[in-house]
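I opened my notebook to follow one residue and then its surroundings. Here is what I looked up, entry by entry.

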Amino acid sequence: MNEEEPEYIRLVEQTEIFKNCKNIVIGRGNENAKILFVGEAPGRNEDEQGLPFVGAAGKNLDKLLNKVGLTIEDIYIVNILKCRPPENRNPLPEEIRMHTPWLVEQIKKIKPKVICSLGNYSTKFFLANGDVDKMDKVSGITSLHGKPQIIEFKGITITLLPLFHPAAIIYNQKLLPLWEEDMKVVKQVSESVKNEIDIERQKKLF
Ligand code: URA
């Protein structure tokens with residue numbers, strides 16, 4: 001263990017899933033983007049490559065971005081967990097507790113205006129304001145998907161847009177029409193963010 005490392009990295013390194021993974025998966029995309037996508041945990045391909053959403057779920061995410069006119073340059077992508085759980089099992093509360101201080105650090109640096117939370121774990125984490133013990137008590141993705149809401153997360157005002165996890169669409173094709181509807185909301189929200197950024201840029205110029 002490196003004593004110089006920040007505490008949020010040392011916490012990750014203390015977990016069993018860190019000891020068993022090939023690569024830590026930190027993030028991908030534009031660190032200056034105002035839209036952050038937050039998934040659950042790396043899978044096999046992500047673990048191999050050290051990058052989030054590069055496997056089958058990543059292909060679905062690419063389709064999503066394409067449909068709404070976004071590119072990887074417009075967004076940044078991260079996960080709740082930085083390491084792959086064995087056999088892609090669900091994250092354990094203790095793992096979320098140990099891995100998310102790094103995520104919070106990323107959010108404080110990126111300062112996104114919008115967070116698209118992909119799936120239940122990510123959505124519940126934000127709605128519980130990062131308190132893992134409260135995650136059980138908040139609503140899940142089924143009732144919340146596609147409905148943007150303003151939240152205060154660790155002192156930052158963010159539009160949270162819960163979305164089904166792109167992997168869920170692969171396993172449950174019935175979700176596809178709902179997903180397509182939600183994409184329209186992603187488009188509206190991302191266009192309003194782009195306009196806002198443009199206005200801010202113009203204000204600084206003139
Ligand atoms: N699923 C996730 O939640 N994250 C990834 O990086 C890949 C698959």
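**Entry 1: a starting point.** I looked up Ile75 and found its place in strand β3. Strands here are DSSP runs of E with at least two residues, helices are runs of H or I with at least four, and both are numbered from the N terminus. I noted that this is a predicted model, where local features need pLDDT of at least 70, side-chain atom pairs count only at pLDDT 80 or more, and totals for chains, interfaces and linings use all residues. Residues are numbered from 1 along each chain as its sequence is written.

**Entry 2: buried or exposed?** The cut-offs are 20 or more other C-beta atoms within 10 Å for buried, 12 or fewer for exposed, and partly exposed in between, with C-beta atoms placed from the backbone.

**Entry 3: neighbours.** Leaving out residues up to four places away in sequence, I found Ile75 touching Gly29, Asn30, Ala33, Ile35, Leu36, Phe37 and Leu70. Contact means that the C-beta atoms, placed from the backbone, lie within 7 Å. I also checked Glu31: it is 44 residues from Ile75 in sequence, yet their C-alpha atoms are 7.8 Å apart.

**Entry 4: strand β2.** I moved on to β2, residues 35-39, where five of the five residues are buried, so the strand is largely enclosed by the rest of the structure. Ile35, Phe37 and Gly39 point one way, while Leu36 and Val38 point the other.

**Entry 5: its partners.** Strands count as paired if DSSP finds at least two bridges between them. I found β2 parallel to β3 (residues 75-79) over five bridges, with Gly39 opposite Asn79. β2 also pairs in the parallel sense with β4 (residues 114-118), over four bridges. There, Ile35 has Val114 as its bridge partner.

**Entry 6: the core.** Which residues have the most contacts inside the largest nonpolar core? They are Leu36, Ile75, Ile80 and Cys116, in a core of 47 residues. Helix α5 (residues 93-110) gives the largest share, six residues. A nonpolar core is a set of buried Ala, Val, Leu, Ile, Met, Phe, Trp, Tyr and Cys residues joined through C-beta atoms within 7 Å.

**Entry 7: a helix.** Last, I looked at α9 (residues 176-205), whose buried residues are Trp179, Asp182, Val186 and Ser190. What covers them includes β2, β4, β6 (156-163) and α8 (166-171).

Definitions and conventions
Two residues are in contact if their C-beta atoms, placed from the backbone, lie within 7 Å.
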